[in-house]
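I opened my notebook to look up how two chains meet.

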2 protein chains.
Amino acid sequence: MQFLLEIVEILTSYIRKTFDRSTKVLDFHHPHQLLEGMEGFNLELSDQPESLEQILVDCRDTLKYGVRTGHPRFFNQLSTGLDIVGLAGEWLTSTANTNMFTYEIAPVFVLMEQLTLKKMREIIGWPNGEGDGIFSPGGAISNMYSVMIARYKFFPEVKTKGMAAAPRLILFTSEHSHYSIKKASAALGFGTENLILLNTDERGRVIPADLEAKVIAAKQKGYVPMYVNATAGTTVYGAFDPINEIADICEKYNMWLHVDVRKYQQANSVTWNPHKMMGVPLQCSAILVRERGLLQGCNSMCAGYLFQPDKQYDVTYDTGDKAIQCGRHVDIFKFWLMWKAKGTVGFEQHIDNCLDLSAYLYNKIKNREGFEMVFNEEPQHTNVCFWYIPPSLRSLPDGRERRERLHKVAPKIKAMMMESGTTMVGYQPQGDKVNFFRMVISNPAATRSDIDFLIEEIERLGHDL
Amino acid sequence: MQFLLEIVEILTSYIRKTFDRSTKVLDFHHPHQLLEGMEGFNLELSDQPESLEQILVDCRDTLKYGVRTGHPRFFNQLSTGLDIVGLAGEWLTSTANTNMFTYEIAPVFVLMEQLTLKKMREIIGWPNGEGDGIFSPGGAISNMYSVMIARYKFFPEVKTKGMAAAPRLILFTSEHSHYSIKKASAALGFGTENLILLNTDERGRVIPADLEAKVIAAKQKGYVPMYVNATAGTTVYGAFDPINEIADICEKYNMWLHVDVRKYQQANSVTWNPHKMMGVPLQCSAILVRERGLLQGCNSMCAGYLFQPDKQYDVTYDTGDKAIQCGRHVDIFKFWLMWKAKGTVGFEQHIDNCLDLSAYLYNKIKNREGFEMVFNEEPQHTNVCFWYIPPSLRSLPDGRERRERLHKVAPKIKAMMMESGTTMVGYQPQGDKVNFFRMVISNPAATRSDIDFLIEEIERLGHDL
């Protein structure tokens, strides 16, 4: 127990420093450097045990060479921040060390999940919060569930007979959508060629007419359009697909509508990732399904040694057979505890703050010398996409040379950021657009001063490129 | 930070009590009782925030009405016990709150995973520990990976063209195997009817001749036998399929051999769950693949915003595109830290202790009045399967009445155990065998006195049935 208290001392000191802006976000080293053993930090496992003192040293080193994702200037991903109540929830969860598959061994957590899922469905707007859902190990798996459930709804015989029992099924998603839909189409036996990518407008939103044209084309070939994924807040641009129009097309052609990320009443299923904008520690993702029974029907296999029908309690509370997993980590408690501590209003305030900061960044750089926006429009979400143009490129005319040189700017600045450990922000190309920065704000510790810092840091590091 | 220290106080006090045998394993309540609000424990979420004092009360209540899976007398599942170093590892992991998808934000954890996977492959016996692998959210997902990878190996075009591009593919597994193979066959588009269950001997081991006969029969119908799952330590009986003979048949008919649970050199892939016999906190499971490149080839989608090829470090360390997940929880650190603290020898000792306890239980009850073994043979694994026969049934002749009454005994004793909170052990029927107890021992806190207690408690609770 003394050992555990010493770990707590290490962790609380780490947390204090993480919130201190004078601490580096990371102390970067290349893989080979860490593998060679930095200052005695030996990653190799051995046959013989180490002393507990050495274990404490290993813990300190692990934190030292890691990335402080809770640092106010860490903007690399949407899952950032370090909520202390959420963290306490995780510590309790790992101390309880149980499994979501049965009420028998996780009675409180199973009920918390049920109540929280219902609350989420109410927020989506499904009547009386009815429907179904489950927490899964991340948004990609939640999206995978949505495809499986849609298939089960339209072609339940695939469960027993395989894809051979169905006609050629077509899925649709935005060319800007998350790659998890593509992973699901490969894994589940549809094939990525049967996932049709939809064209988007300049702002990255699906063009509904393109969807309808592609649905008609697929039907003319004798294929069956089955599923549409609409994204509310795409990964890079933060774009919102026009869900009303897409919902109408889905209804017209009898297709399943899945909405990735945000509440939407007309959806058949919704992926909701509290570990993103809501700042819940990783991992925390839910798949919500409007129609009851599908999740169970799709996945149940009725294992006798786990889901005995002759238990003394109401076995409908055993959620395990709805999942594609057997053991399932308790992801609910930290989220439930944060919800208790913040209330619904607290989450709303947090999201409003993030949107304010995005607007602040956008307004600050849209006319600033050396910055160029990927699109000129107030952000719909917390994503702000922009290029930094070093002085040496500012007078170059648009053309191949400028594009090639600009493409290298963001990776160089990012590398320097990581070397100096001051801040982290993502970049990528998109379609014909060369590498640009994608700022996302979900970190509750971030303030306007951190946004100012980011802008100045990019200028400082990129000025002489 | 004060709040966090108060949580630690609650958790350390919980841990102390968990290891104290005079504490109940659980304080059982039915779902409706907990939902009605036990002694003011309100599970409902609200719009307004709660005070931090109330949050602390919520945490205490959550633990109070939960199940102490680390209690020395908790035998309900193979994932039991509460290793303090593993727990410290989880607390650190949640404090670091990062994601395994890139080296960029999880440099240390990514390297730990790589080194640990290599060490595991060495233990399996693959030359130089070569091959590939990844940690996944549980054994069911690891098994799912094995089926996906086998399909990709033999029919890579399924990734793009779907199951229509392949002939009818047949999978094989024991009638005693874990239900996750069945879930995978449904999810991945094979269909559960194309998963053929293999007959077992009385001890629950696959009969190799049955496998070969079924392979030949499938081929005669024009189907393609593709994949065999062999289990080393089945869930209920703890049986070991005869892997050498199965491997020979796989080689002869060019099928993928997956081994679920234990090291086996001739396997093409292995699922290894450190959260079971090795006592690592949930979740911790790995899929190991002998041939390099398959995992990446099978799952990669090359998302530009995450796996930028122009990063400043060696991007082969970005593991994210091998996974079916996007974000992936850090499951490696607790395992790595426990391995450091115990050494390989420490894990071996722990497993030997568990096997000793199983043998102790078996020898103690095999000739004891009122106990009947499901099969009379020293346990191969830690599973011990037995019936308790109450005095009222002992003189009944074997037949329908005895079977029907005996079927109800285990559920009744289990219910009383849970009501009294003294211990927990699993039960289930299997094939034509009525409900029997399945003891599994993986809890490092358990001693012979706890085995004695279990036997006496079953006698005490079941005597008057």
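**Ground rules.** This is a predicted model, so I kept to its limits: local features need pLDDT of at least 70, side-chain atom pairs count only at pLDDT 80 or more, and totals for chains, interfaces and linings use all residues. Residues are numbered from 1 along each chain as its sequence is written, chains are lettered from A and ligands numbered from 1 in the order in which they are written, and side-chain values use heavy atoms, with hydrogens and water left out.

**Interface.** I looked up contacts (heavy atoms within 4.5 Å) and found 140 residues of chain A touching 140 residues of chain B. The buried area (accessible area, 1.4 Å probe, lost on putting the two parts together, summed over both) is about 12,500 Å², with 65% from carbon and sulfur atoms.

**Salt bridges.** With a side-chain nitrogen of Lys or Arg within 4 Å of a carboxyl oxygen of Asp or Glu as the rule, I noted 8 salt bridges across the interface of chain A and chain B. One of them joins Lys161(A) to Glu193(B), with 3.0 Å between the closest N and O atoms.

**Symmetry.** How is chain A superposed on chain B? I used least squares on the C-alpha atoms of residues with pLDDT of at least 70 in both, and a rotation of 180° with 0.0 Å of shift along its axis does it, at RMSD 0.0 Å. The two copies are thus related as by a two-fold rotation axis. Leu188(A) is the residue of chain A that comes closest to this axis, its C-alpha lying at 2.0 Å. The copies meet through the same surface, because 100% of the interface residues of chain A are also interface residues in chain B.
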